Amino acid sequence: MPLSAVGAAVFGVQLANRSLGSLVLSLNGCYESGLYFLDLVEFLNATSARRRPALAPAPPEVSHFEVDNISFSYPGGSSAAVRGVSLNVRRGEMIALVGENGSGKSTVAKLLAALYDPDQGQIRWDGEPVTEARREELWNQVGFIAQDFTRWPFSARDNITMGKPVDLGSLRLASSRAGADVVIESLDAGYDTLLDRRFKSGLELSKGQWQRMAAARAFYRDCALLICDEPTAALDARGEQAFLHALREYAREKAVVLITHRLENVRHCDRAYVLVHGRVTESGGHDELMSLRGAFYELYQLQADRWAAVP
Ligand SMILES: Nc1ncnc2c1ncn2[C@@H]1O[C@H](COP(=O)(O)OP(=O)(O)OP(=O)(O)O)[C@@H](O)[C@H]1O
């Protein structure tokens, strides 16, 4: 979808729904694409009626995020996308969500981030049900690197700070964590470079370079919960290793959720939850999951065989 169409849609919906306007501001670059945003709009409109009128402020810096026996169906969906899922992540931990396409990983992550309300079960942050807190304040504590991240037609700096006050130290730290520092160093005007070739002196980045910019944007938000949905899909091997180490480092102070199809990456995580048709069937560390000889083991072997089959 062209950006202008997304912009028009966003503007139209903002006019139609004031609460949505505040959502746009509060997410502050958290959502990563127009499609994702419109998808979100649909659900917020659907769920707003279920919210309580008097909401409490969100806890200051949350350190424990949990979903307890949640189920969720998309409107019009023929079956539940998530069924009876329980999991948690604490500050200082990095967990992985793994499973085949459509198994419910992204949906669980969005539920954990309080972007959707479950049909059954409860989402609690520091023990408090999220339905009782002001949603905009909760979202301020979430950073999201989405699969379909947005290439904003702004400068490199604005692509990272995205409406937040500019702090040079934090900007450099976020860039280096994401491996975006090498991209920016290669640009003639550094952080001032306009990342859109339709403008005079604007440049276009490669997909992997854009992915690093999107990751830097999430790091810059410095949120209590960082969700990374396939964040290394477009990165080269060196970039992927460096990024995973940076994530691990970030997880010392924050809670990190990594959605990945590369099962080797689970070695970097405290534990993984394996999703099959919307249910968690196994959880544990890499070696523990391998020893179960279940879905994780099977997928891991398939991946290994696939690489072995490449001449
Ligand atoms: N916006 C949506 N509207 C309706 N159904 C959806 C929507 N998003 C996802 N689904 C459905 O929910 C199920 C779980 O999707 P989800 O994106 O959570 O899976 P996933 O494990 O993240 O997949 P992938 O590995 O392909 O990213 C799928 O059956 C999918 O078709």
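What follows is a walk through this predicted model, from the overall make-up down to a few single residues.

Let's start with the whole chain. The protein has 311 residues, and 38% of them count as buried. Its secondary structure comes to twelve helices and ten strands. If you look at contacts with a separation of 6 or more, 70% of them join residues 24 or more positions apart.

Now for the inside. In soluble globular proteins, nonpolar side chains tend to be buried together. Here the largest nonpolar core has 78 residues, and Leu225 and Val257 are the ones with the most contacts inside it. Helix 9, residues 207-221, gives the most to this core, with eight residues. Pick Leu225 and see what surrounds it: setting aside residues up to four places away in sequence, Leu225 touches Val62, Phe65, Ala113, Gln141, Val142 and Ala255.

Helix 9 itself deserves a look. From its first C-alpha to its last, this 15-residue helix reaches 22 Å, close to the 21 Å expected at 1.5 Å a residue. Helix 9 is mostly covered, with 13 of its 15 residues buried.

Helix 7, residues 168-178, shows how burial can be arranged around an axis. Its buried residues are Leu171, Ala174, Ser175, Arg177 and Ala178. Viewed down the axis of helix 7, these fall within an arc of 165°, so they line one face of the helix. On the face of helix 7 turned away from the buried side sit the exposed residues Leu168 and Gly169. And what covers the buried residues? The cover includes helix 6 (156-161), helix 8 (181-185), helix 9 and helix 10 (237-250). Helix 7 is followed by Gly179, with a positive phi near 75°.

Four of them form an open, antiparallel sheet in the order 2-1-4-5. Strand 2 (82-90) and strand 5 (128-129) are the edge strands, each pairing on one side only. Strand 1 (residues 64-72) and strand 4 (residues 120-125) pair in the antiparallel sense over five bridges. Helix 4, residues 105-112, lies across strand 1, strand 2 and strand 4, and runs at about 125° to strand 1.

Asn69 lies in strand 1, and its phi is near 55°, a positive value in a residue other than glycine. Asn69 counts as exposed because it has 12 C-beta neighbours inside 10 Å. Met162, in the loop between helix 6 and helix 7, has a positive phi too, near 45°. With 19 other C-beta atoms within 10 Å, Met162 is partly exposed; a residue needs 20 or more to count as buried.

Finally, find Arg197 in the loop between helix 8 and helix 9. Arg197 is exposed, with 12 other C-beta atoms within 10 Å. Beyond its neighbours within four places in sequence, Arg197 is in contact with Gly202, Leu203 and Glu204. Its C-alpha atom is separated by 8.7 Å from that of Pro153, 44 residues apart along the chain.

Note on methods: Residues are numbered from 1 along each chain as its sequence is written. This is a predicted model: local features need pLDDT of at least 70, side-chain atom pairs count only at pLDDT 80 or more; totals for chains, interfaces and linings use all residues. A nonpolar core is a set of buried Ala, Val, Leu, Ile, Met, Phe, Trp, Tyr and Cys residues joined through C-beta atoms within 7 Å. Helices (H or I, at least four residues) and strands (E, at least two) are DSSP runs, numbered from the N terminus. Two residues are in contact if their C-beta atoms, placed from the backbone, lie within 7 Å. The arc is that of the directions from the helix axis to the C-beta atoms. Two strands pair if DSSP finds at least two bridges between them. Axes are lines fitted to C-alpha atoms, for helices over the stretch in contact, and angles run from 0 to 180 degrees between N-to-C directions. The expected span of a helix is 1.5 Å times one less than its number of residues.
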